[in-house]
Amino acid sequence: MAEFDYKSLLGEIKSYASVQFDYAKLTAVEKLSVLLSAIGVALVLLIIGACLLFNMSSALVAWLNELIGCTWASHLIVAALLLVVLLIVLKCRKALIIDPITKFVTKLFIKPNDKQQ
């Protein structure tokens with residue numbers, strides 16, 4: 001009789017472990033899908049932003065060419081402006097890029113009730 005109870009208990013433990021493992025897999029799939037969709041949206045926005053930047057730069061070059069009458073100087077001015085923007089982004093990359101990504105990933109993988117109090 002006692003042996004049957006142990007077998008039943010062992011079966012329940014195996015069933016519980018199986019359910020917990022399945023739950024962990026589903027949770028991982030959910031979080032991975034959210035992360036991959038965020039990466040997909042970021043890539044689409046990056047491509048659209050690059051196209052927009054290219055068109056705006058071309059328009060600025062054309063406008064500067066009309067103003068100063070020198071094509072190479074217009075290109076040089078726009079390149080210098082883009083270089084300044086790049087340097088500003090590089091200088092502020094922690095606040096503009098690293099911190100928001102870290103905050104998003106942390107919120108995604110760590111539940112509020114998982115934090116130690």
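Tutor: A helix here is a DSSP run of H or I at least four residues long, and helices are numbered from the N terminus. Keep in mind that this is a predicted model.

Student: Which helix has the highest confidence in the protein chain?

Tutor: Start with the chain average, a pLDDT of 90. Of the residues, 91% score at least 70. Confidence is lowest in helix α3 (residues 93-109), at a mean of 89. The highest mean is 96, and it belongs to α2.

Student: Is S74 buried or exposed?

Tutor: Buried means under 20% relative accessible area. S74 has a relative accessible area of 0%. That value is under the cut-off, so S74 is buried.

Student: Which residues is S74 in contact with, leaving aside its neighbours within four places in sequence?

Tutor: Contact means heavy atoms within 4.5 Å. Neighbours within four places in sequence are left aside. The partners of S74 are then V61, L64, N65 and I68.

Student: How far apart in space are A62 and S74, C-alpha to C-alpha?

Tutor: In sequence they are twelve residues apart. In space, C-alpha to C-alpha, the distance is 7.6 Å.

Student: Is A62 buried, exposed or partly exposed?

Tutor: The partly exposed class lies between the buried limit of 20% and the exposed limit of 50%. A62 has 42% relative accessibility. That lies between the limits, so A62 is partly exposed.

Student: Which residues does S57 contact, its neighbours within four places in sequence aside?

Tutor: S57 is found in helix α1. With a relative accessible area of 14%, S57 is buried. Neighbours within four places aside, S57 is in contact with V78 and L82.

Student: How many disulfides does the structure hold?

Tutor: Take two cysteines, C51 and C92. C51 is partly exposed at 47%, and C92 is partly exposed at 33%. A disulfide needs a pair of cysteine sulfur atoms within 2.5 Å. The count of disulfides in the structure is zero.

Student: What separates K25 and D22 in helix α1?

Tutor: Their side chains meet in a salt bridge of 3.7 Å, N to O. K25 is partly exposed at 43%, and D22 is partly exposed at 37%. In helix α1 (residues 2-68) the two are three residues apart, so the separation is about one helical turn.

Student: Which residue meets D99 in a salt bridge?

Tutor: Side chains of opposite charge can pair when their charged atoms come close. The structure holds two salt bridges. In the bridge of D99, the N to O distance is 3.4 Å. The partner of D99 is K94.

Student: Which helix supplies the largest share of the nonpolar patch?

Tutor: The patch covers about 960 Å², and its residues include V34, L81, V85, I101 and V105. Both α2 and α3 supply at least two residues each. The largest share is seven residues, and it comes from α3.

Student: How accessible is V105, one of the patch residues?

Tutor: V105 has its place in helix α3. V105 counts as partly exposed. Its relative accessible area is 30%.

Key. Residues are numbered from 1 along each chain as its sequence is written. This is a predicted model: local features need pLDDT of at least 70, side-chain atom pairs count only at pLDDT 80 or more; totals for chains, interfaces and linings use all residues. Side-chain values use heavy atoms; hydrogens and water are left out. Buried means under 20% relative accessible area, exposed over 50%, partly exposed in between (1.4 Å probe, protein chains only). pLDDT is the predictor's confidence in each residue, from 0 to 100. A salt bridge is a side-chain nitrogen of Lys or Arg within 4 Å of a carboxyl oxygen of Asp or Glu. Patches are made of residues with over 30% relative accessible area and no salt bridge: like charges are joined within 9 Å, nonpolar side chains (Val, Leu, Ile, Met, Phe, Trp, Tyr) within 5 Å. Accessible areas come from the Shrake-Rupley method with a 1.4 Å probe; for residues, only the protein chains shown count as cover.
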